[in-house]
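Q: Got a model open here. Can you walk me through the helix packing first, then the rest?

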Amino acid sequence: MEALNEVLLSKLKIKFGDIAAGYSEFRGELTVIVPKERIVEFCKFLKKEIDPGYDLLADLFGLDMNTAEKRFCVAYNCYSTTSGHRMRIKVFTEESDMKVPTVTGVWSTANWHERETFDMFGIVFEGHPDLRRLYMPEEFEYHPLRKDFPLMGIPGSLDLPSKYEKYGTDDRTDRT
Amino acid sequence: MGLENSIGDGFVATKLEAVINWCRKNSLYPMPMGISCCAIEMMAAAGPRFDIARFGSEVMRFTPRQCDVMIVAGTTTYKMAKVVRKIYDQMPEPKWVIAMGVCTSSGGMYRTYSVVQGIDLFLPVDVYVAGCPPRPDNLLYALMMLQEKVQRGESRGMAPAHIGDFGNHALHQTNTR
């Protein structure tokens with residue numbers, strides 16, 4: 001294990017005790033599995049109290065592990081602009097309880113990333129200021145990046161304008 | 001010019017529709033519906049090297065109300081389809097549509113839930129252009145084919161009464177079904 005990761009891990013173990021137990025290292029980058037109840041606290045600690053802090057959330061995305069337990073995962077790629085060091089956080093959630101606390105209060109860039117993850121996987125980020133779909137139309141009912149979603153979509157779930165008639169009404173309030 | 005010399009003070013007898021269609025086909029104003037990468041080739045076709053002005057179509061209008069032909073250039077998603085259709089509805093008749101590239105013609109390599117598998121599912125298309133993306137030459141050839149169509153008085157997008165009674169109209173057939 002790299003020296004910097006070892007220092008980081010020891011700091012995390014002092015602060016969070018047992019939760020830093022699920023960790024691994026790949027090519028010099030640390031991955032820590034965190035219970036979802038403590039993710040906000042964990043991210044705040046990483047950004048503010050570690051030196052140098054992980055001040056940039058490079059990416060936040062969902063994963064469908066397609067397993068009976070702990071089916072969905074949210075991964076956070078953190079980057080320190082001062083030291084150039086990266087680390088990864090993973091949060092697992094059950095299919096029956098799709099709620100994960102939002103980290104928009106820590107990194108505001110998480111806003112659109114969480115909207116995308118909600119759109120594609122249906123993971124609800126609790127406390128998010130504006131949790132709407134990012135890509136798909138708002139009336140769409142499914143989450144396309146789930147493993148059980150068919151590639152060509154569900155017939156009739158996305159409507160198309162008619163070929164021979166005018167679309168919508170002439171009413172100016174009807175905007176697409 | 002040569003024509004005046006040979007005719008002198010005489011006159012030419014023709015059908016009014018033929019003259020109108022001749023005017024129309026040589027001044028087709030395109031609506032550049034550039035949705036993705038095909039739009040780059042469309043811009044190249046408008047540039048000096050390929051020069052779409054040779055066919056009287058250099059006036060790219062960014063308002064649909066001044067356009068005759070919509071060049072749909074790029075992958076059309078279900079979300080975008082409504083916008084494309086709305087812009088098409090705002091174009092004055094007579095109007096034509098060129099589907100540029102495989103994505104617009106058939107969905108192309110995007111065989112997926114979010115992409116419309118061919119814009120002819122919601123738009124009456126007159127000319128399809130193959131290629132990913134098509135070279136500007138292909139677009140110019142499509143425009144030439146469309147000019148032939150305009151001269152014949154054909155358009156898939158409107159009622160035959162608006163362009164003269166030509167009988168073999170696709171929309172006409174659909175409406176009488």
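A: Start with helix 2 (residues 16–25) and helix 6 (residues 136–151) of chain B: they pack at an angle of about 160 degrees, axes 8 Å apart. Axes are lines fitted to C-alpha atoms, for helices over the stretch in contact, and angles run from 0 to 180 degrees between N-to-C directions. Helix 2 of chain B is therefore roughly antiparallel to helix 6 of chain B (angles over 145 degrees count as such). This is a predicted model: local features need pLDDT of at least 70, side-chain atom pairs count only at pLDDT 80 or more, and totals for chains, interfaces and linings use all residues. Residues are numbered from 1 along each chain as its sequence is written, and chains are lettered from A in the order in which they are written.

Q: Which residues of helix 2 of chain B meet helix 6 of chain B?

A: B:Asn21, B:Trp22, B:Arg24 and B:Lys25 meet B:Gln147, B:Val150 and B:Gln151 of helix 6. Contact means C-beta atoms, placed from the backbone, within 7 Å. The residues of this contact divide into 2 nonpolar, 3 polar and 2 charged.

Q: New topic. How many helices and strands in chain B?

A: Chain B has 7 helices and 4 strands. These are DSSP runs: helices H or I, at least four residues; strands E, at least two. From the N terminus, the order is α-α-β-α-β-α-β-α-β-α-α.

Notes: Angles under 35 degrees count as roughly parallel, over 145 as roughly antiparallel, 65 to 115 as roughly perpendicular and the rest as oblique. Two residues are in contact if their C-beta atoms, placed from the backbone, lie within 7 Å. Ala, Val, Leu, Ile, Met, Phe, Trp, Tyr, Cys and Pro count as nonpolar, Asp, Glu, Lys and Arg as charged, and the others, Gly among them, as polar.
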